[in-house]
Amino acid sequence: MTALAVIRDLTVTYRRDGGEVAALKHISFDIVAGERLAIIGESGSGKSTLALAIAGLLPSAKIEGKIDWFLPSTLGARAPPSVLPDISPSRGEIGRFAVGRFPATLVIGEGRDESAISPLEGEMSGRTEGGLVEHRPQKLFTRSSHPPLGGRDIGFVFQDPSASLDPVMPIGKQIAEVARTHLGLTWPQAYTQAKILLERVRLPDPDSALRAFPHQLSGGQKQRVAIAAAIAAGPKLLIADEATSALDTIVQADIVALIRRLVAEDGMTLLFISHDIALASELAERIAVFRHGQLVELGPTPRIINAPAEAYTRTLLDAHIGLDAEPLSNRSGRHA
Ligand SMILES: Nc1ncnc2c1ncn2[C@@H]1O[C@H](COP(=O)(O)OP(=O)(O)OP(=O)(O)O)[C@@H](O)[C@H]1O
């Protein structure tokens, strides 16, 4: 098993009302390349904080610990200047790191420099790119290099597609822009790619859908578009943060099936964040259980479901009425 990312002693603290909130406390685990890993826990357990920290999308929190990335070479890939950390190595250095050979190490939180270009607390541009909300990078300290680039190495699907899609830009352009930016395509090439992606996420009539605006689509269709944008640059890691929670049960099952299919087709690693242990157990090969910012336990899905080591996991299982029922995605023979 090859690690895609090795997370060690990750601690995240937010500042709130003059005090501090420890959202994650000394978290250590590996993300295995190609696996489907679910992060589950009740509200406030730190799931979203973990997802955002891994994606480098926590500009205003205090982050300590280390993430080693084992990313494939990206030589030739184009990185938009706005998402390169200001102290990152020169772009010529990016691409020297091969999977499993030269990890990119982010040592976070050492010697924080307040003159960094990080945005003011709470500031976000609101602009979307590859399913990621673009922001100026936090001050990450790079030991060796090639930190992952949001949108290119990591695709992010949020709970609310209405918030992650630009309401005044045709959806084809939103997807094409990701492909153009990160893959260095021309606009015509990027639009061809966008159409292929709309077909892959099974949006009806992809040709006219290219010109549609988000408000012309249903919630499930918008999430399909958000997923298409998230995978447009061929990320190694796809993070789905409660990506189905805002959808009704039937559409939820469709989106889960879609994510499963796309992850398999593209050989992506999946981090599936959910409060729903039943949903997680359908999709994930391993489950990590979080509570109060701590990792309670992590193991293969059958072991977590059938023989949890921790009482808290058992409580979560007992609380879930639907776990013994037929998996959601099988209920009506649905396909992605
Ligand atoms: N921007 C923030 N500023 C201050 N505190 C925050 C911020 N974001 C999250 N928190 C706090 O950090 C803790 C973890 O929150 P987080 O959103 O990561 O949990 P979660 O498991 O994803 O919850 P949910 O399922 O409700 O989204 C909570 O106590 C939350 O109130």
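This is a predicted model: local features need pLDDT of at least 70, side-chain atom pairs count only at pLDDT 80 or more; totals for chains, interfaces and linings use all residues.
Let me start with the ligand: strand E1 (3–16), strand E2 (19–32) and helix H1 (47–55) each supply at least two residues of the shell around it, where helices (H or I, at least four residues) and strands (E, at least two) are DSSP runs numbered from the N terminus. With three residues, H1 gives the most to this shell.

Residues are numbered from 1 along each chain as its sequence is written.

Of the 13 residues around the ligand, Tyr14, Ala23, Ser43, Ser48 and Thr49 come nearest, a residue being near a molecule if its C-beta atom, placed from the backbone, lies within 6 Å of it. The shell divides into three nonpolar, eight polar and two charged residues, with Ala, Val, Leu, Ile, Met, Phe, Trp, Tyr, Cys and Pro counted as nonpolar, Asp, Glu, Lys and Arg as charged, and the others, Gly among them, as polar.

Now to a hairpin. Strand E12 (residues 286–291) and strand E13 (residues 294–300) run antiparallel and are joined by six bridges; strands pair if DSSP finds at least two bridges between them. Phenylalanine 290 has leucine 295 in E13 as its bridge partner, and in the two residues between the strands, histidine 292 takes a positive phi near 50°.

Finally, confidence: the chain has a mean pLDDT of 79, on the predictor's per-residue scale from 0 to 100, and 73% of its residues reach 70 or more. The model scores ipTM 0.98 and pTM 0.81.
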